[in-house]
Amino acid sequence: MRFNWNYDYVKGSKIAYIFSIILTITGIISILALGLNYAVDFRAGSNVDISVSKAITAEQIKPIVKDIGVDEGDVTITPGADRVNVRFSNELDETQESKFKQEFTKLDASASYEVNTVDPEMAKELERNAIYAVLIASIGIMIYVAIRFEWRFGLAAVIALFHDAFVVISVFSIFRLEVDLTFITAVLTIVGFSINDTIVIFDRIRENLRFAKKTTKADLREVVNRSLAQTMTRSLNTTFTVFAASICLFIFGGESIRMFSLAMVIGTLFGAYSSIYIAAPLWLMLKGKQVDKPKTVAKESN
């Protein structure tokens with residue numbers, strides 16, 4: 001498949017910028033107003049995961065919660081066909097945990113339990129370390145790209161990376177999807193995938209710059225459009241491969257990796273989108289200012 005070298009890919013970046021700004025503002029409002037739906041990994045309390053042999057409703061579980069002395073408002077019950085999740089905002093002591101299992105066994109004698117408990121200090125530490133991981137990875141990528149190419153490439157790449165990561169976080173906040181440790185793994189994976197796609201485009205831009213005129217911003221625009229056309233097939237093929245694998249994991253994978261798979265599906269699409277319509281045009285905008293400077297100086301001297 002060959003793409004039209006004369007097509008103005010940069011022109012589409014205007015719509016992309018507007019769309020991304022709207023999405024970013026919506027995400028900021030959602031995070032400030034609603035926050036994130038943290039799993040037990042980042043939230044103090046007890047999480048009881050129960051494998052059941054028959055469907056159990058939330059209404060059947062609520063009396064058990066009340067019997068062990070826990071307020072219903074501090075409990076989130078997620079029933080399913082073969083799995084039930086009960087999340088307590090406070091830690092269950094041994095007596096409460098034992099009584100809960102005993103009472104639930106009356107509903108399903110063959111039920112099996114997995115109880116995870118996180119104390120407040122550990123929850124805060126995990127949340128803090130997750131933020132550090134994303135920031136350190138992004139700073140490291142920016143330094144590498146700045147040394148390997150130039151600072152404009154590095155800045156454009158990192159802005160695109162933060163865009164991809166924030167879009168995924170925003171979607172999870174808006175739709176109240178659960179954020180756990182696998183989600184953080186997905187975000188870091190998305191960052192790696194996105195920078196790989198962006199580097200391929202930037203490398204082609206750099207190669208084309210060696211044999212192109214660089215006297216005006218229009219010349220640079222032509223270089224960017226040509227580079228995008230030359231790498232488009234590779235970008236779409238890579239994106240489709242990762243997207244298809246992530247979709248299969250989401251549909252056929254277990255409950256433990258479902259949020260990871262969903263984050264990968266969203267991040268893969270936006271990673272390709274940002275590499276083409278945000279990173280490359282942003283570099284053009286930064287580089288274009290440098291090209292236009294001599295002309296401005298010449299006019300002033302005249």
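Mentor: Thr 239 is in contact with Phe 193, Thr 268 and Ala 272, once its neighbours within four places in sequence are left aside. This is a predicted model, and in it Thr 239 has its place in helix H7, which covers residues 217-252. The relative accessible area of Thr 239 is 8%, and because buried means under 20%, this residue counts as buried.

From there we can turn to helix H5, residues 151-174, whose 24 residues should span 34 Å at 1.5 Å a residue, and since its end C-alpha atoms are 34 Å apart, the expectation and the model agree. H5 is mostly covered, with 17 of its 24 residues buried, and the helix is followed by Arg 176, whose phi is positive, near 55°.

Two packed helices are described by the angle between their axes and the distance between the axes. For H5 and helix H6, which runs over residues 181-209, the angle is about 145° and the axes are 9 Å apart, while the crossing of the pair is right-handed. On the H5 side the contact is made by residues including Phe 153, Ala 157, Leu 161, Asp 164, Val 168 and Phe 172, and on the H6 side by residues among them Phe 183, Val 187, Ile 190, Ser 194, Thr 198 and Ile 205.

Methods
Residues are numbered from 1 along each chain as its sequence is written. This is a predicted model: local features need pLDDT of at least 70, side-chain atom pairs count only at pLDDT 80 or more; totals for chains, interfaces and linings use all residues. Side-chain values use heavy atoms; hydrogens and water are left out. Helices (H or I, at least four residues) and strands (E, at least two) are DSSP runs, numbered from the N terminus. The expected span of a helix is 1.5 Å times one less than its number of residues. Buried means under 20% relative accessible area, exposed over 50%, partly exposed in between (1.4 Å probe, protein chains only). Contact means heavy atoms within 4.5 Å. Axes are lines fitted to C-alpha atoms, for helices over the stretch in contact, and angles run from 0 to 180 degrees between N-to-C directions. A crossing is left-handed if the near helix is turned anticlockwise from the far one by less than a right angle, and right-handed if clockwise.
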